[in-house]
Amino acid sequence: MKRTALLLMMMVTTGMLAGGGARAAVVDVRVEGAAQTLFEGPVRSSGNPVRATSDSRQHRCDGTNNGQHPTPGATATGASVEGLRTEGMDFDARWFPGFDDYYVTRFGPDAEDVDTYTFWGMLVDDVFADVGGCQAQVDDGDHVLWAYDAFHNRGFLKLAVAGDSAAAPSPTATVVTGQPLTVSVTRAYGEKSPAFTGVGGVTVAPVTTAANGVETVQPTAPGATTTAVDGTADVIFGTLGWHRIKADAGAGGAIRSDRLDVCVVSAPGGNCGAAPADTAVREAPPLPPDPIDPGSGGAGATPSKPGGGKAPAQLVGAPIIELPRFTTAGQRTGRVGVRWRVLQAGVGVRRWRFSARLARKRSGSFTTLATGTKGTTAQLELGAGQTWTVRVTFTDKLGRDVSQTIGDVLVPLDAGARAVRRSGAWSRVRDGGAWLGAVHRGRTGATLTARLAAGRPTILIRGVRKTADIEVRVGSKRAVYRISGSATAATREIVAAPRARAGTVRVRIVSGTAGVDGLGVRP
């Protein structure tokens with residue numbers, strides 16, 4: 001299947017209210033690259049023009065772009081590129097006159113990869129934006145995150161001292177040397193009103209900061225640890241002074257967390273002195289004037305590409321489509337929802353098609369699940385108890401096709417299904433956020449058994465109000481997992497050790513009460 005410029009990309013950021021007159025703001029900026037954090041810290045920005053490296057002239061980037069706001073101010077893209085510039089790094093982007101905005105293709109050393117649909121994406125205050133970054137105005141204290149490979153449903157990690165709000169954690173903590181600092185790692189997916197849920201198996205490790213501000217997580221360094229199933233971990237520091245840690249799920253996992261700066265003291269009430277210098281507010285000077293293109297008769301009239309020559313022409317009329325994402329629509333009837341947006345219609349979309357294959361069959365063929373010619377949502381019916389890889393194909397009205405894998409999704413085998421044997425004290429309880437709209441709540445001694453395919457047996461748990469211990473037995477292997485109590489009903493996963501063959505999995509409530517939403521296997 002040919003690949004064309006039927007672009008699966010997203011123009012991102014959130015529109016903010018603008019105050020009267022041009023104004024500056026101090027914005028918390030973070031740029032998470034492919035393998036390192038390229039920038040992290042507060043930036044003072046005033047809505048100055050910006051210029052991509054392949055562009056010969058500056059462009060307005062003050063929130064008045066495309067008529068989004070009536071007066072100029074600091075913007076998400078402006079603050080981010082200015083922060084990078086204070087550390088000697090640049091960016092590249094394509095200017096879209098129809099949006100009056102840049103589409104970012106590179107920050108520092110990390111460029112998008114069109115062949116694998118690896119694009120940069122942006123969030124403001126933990127939410128994917130819905131307009132371009134030069135249209136989005138930001139205020140004092142707003143958090144801007146640019147993330148590499150943002151649109152593969154990976155989620156975004158947050159690191160906080162246990163008990164802090166996941167939405168607004170403190171950037172610093174103090175602990176006595178040799179004593180544990182309990183932290184929590186949560187994940188959200190950039191949706192509006194984000195729900196942060198604890199995530200296990202994530203590394204919390206020391207961070208080294210280079211002279212240019214680039215941060216690298218050291219997963220094998222002394223003090224590195226891994227979060228429990230509820231997302232908590234105890235970190236112990238053996239030396240005094242300032243330390244830095246981040247949460248990192250590894251290659252292909254969720255986007256790295258923000259940094260936590262920890263002051264390690266010898267006794268309660270101690271301090272570490274001034275905070276690290278790079279936590280101070282940074283401000284970039286305005287750009288120098290545009291270079292003059294001798295062939296244009298004026299400044300910056302003809303964009304150029306790196307290495308000289310004219311910028312390549314854009315494919316006229318190509319639709320710009322948001323990569324589809326999974327939703328909870330349809331889960332009460334046992335279906336997986338997907339939705340997408342057409343950001344720029346171009347010649348229009350003729351049809352769409354969703355297909356899937358078992359995730360463990362990396363080279364298997366895809367089976368068509370749903371097709372259509374209209375709308376921007378679909379519901380997919382997939383076999384229960386398995387993890388599926390889902391793929392989408394869009395065809396525009398000129399017959400150009402583009403296909404992309406949008407991610408893996410675990411479809412639970414409901415705890416109330418006939419294939420699941422239950423014994424002991426179980427009751428079915430309605431739960432609007434659960435698969436099929438209910439969970440089976442078990443008390444101490446209750447067991448359920450099911451036969452699952454090869455892979456990592458996974459148990460979906462909801463509604464644990466007080467701490468519960470849950471035993472999972474896979475063949476001759478047995479493990480007990482402790483689930484901390486929570487006031488929310490968010491789904492938490494128990495993921496057992498992988499196995500090469502199908503077989504029986506037994507779940508038993510050792511102590512407490514827990515709701516089991518379903519079972520399945522991950523590859």
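Me: Phe 96 and Phe 99: buried or exposed?
Reply: Both are buried. Buried means under 20% relative accessible area, exposed over 50%, and partly exposed in between, with a 1.4 Å probe and protein chains only. This is a predicted model: local features need pLDDT of at least 70, side-chain atom pairs count only at pLDDT 80 or more, and totals for chains, interfaces and linings use all residues. Residues are numbered from 1 along each chain as its sequence is written, and side-chain values use heavy atoms, leaving out hydrogens and water.

Me: What is the relative accessible area of Phe 96?
Reply: 10%, so Phe 96 counts as buried.

Me: Why is the pair of Phe 96 and Phe 99 edge-to-face?
Reply: Their ring centres are 6.4 Å apart and the planes sit at 65 degrees, so the pair is edge-to-face. Rings of Phe, Tyr and Trp (its six-membered ring) pair if their centres lie within 6.5 Å; planes under 30 degrees apart are stacked, over 60 edge-to-face, the rest tilted.

Me: And what about Phe 96 with Tyr 103?
Reply: That aromatic pair is edge-to-face too, with 6.4 Å centre to centre and 90 degrees between the planes. Tyr 103 is buried, at 2% relative accessibility.

Me: How many aromatic pairs does the structure hold?
Reply: It holds 16. Ring pairs also link a cluster, including Phe 91, Trp 95 and Trp 120.

Me: New topic. Which ring does the charged end of Arg 391 sit over?
Reply: The ring of Phe 366, 5.8 Å from its centre. The rule: NZ of Lys or CZ of Arg is within 6 Å of the ring centre and within 35 degrees of the ring normal.
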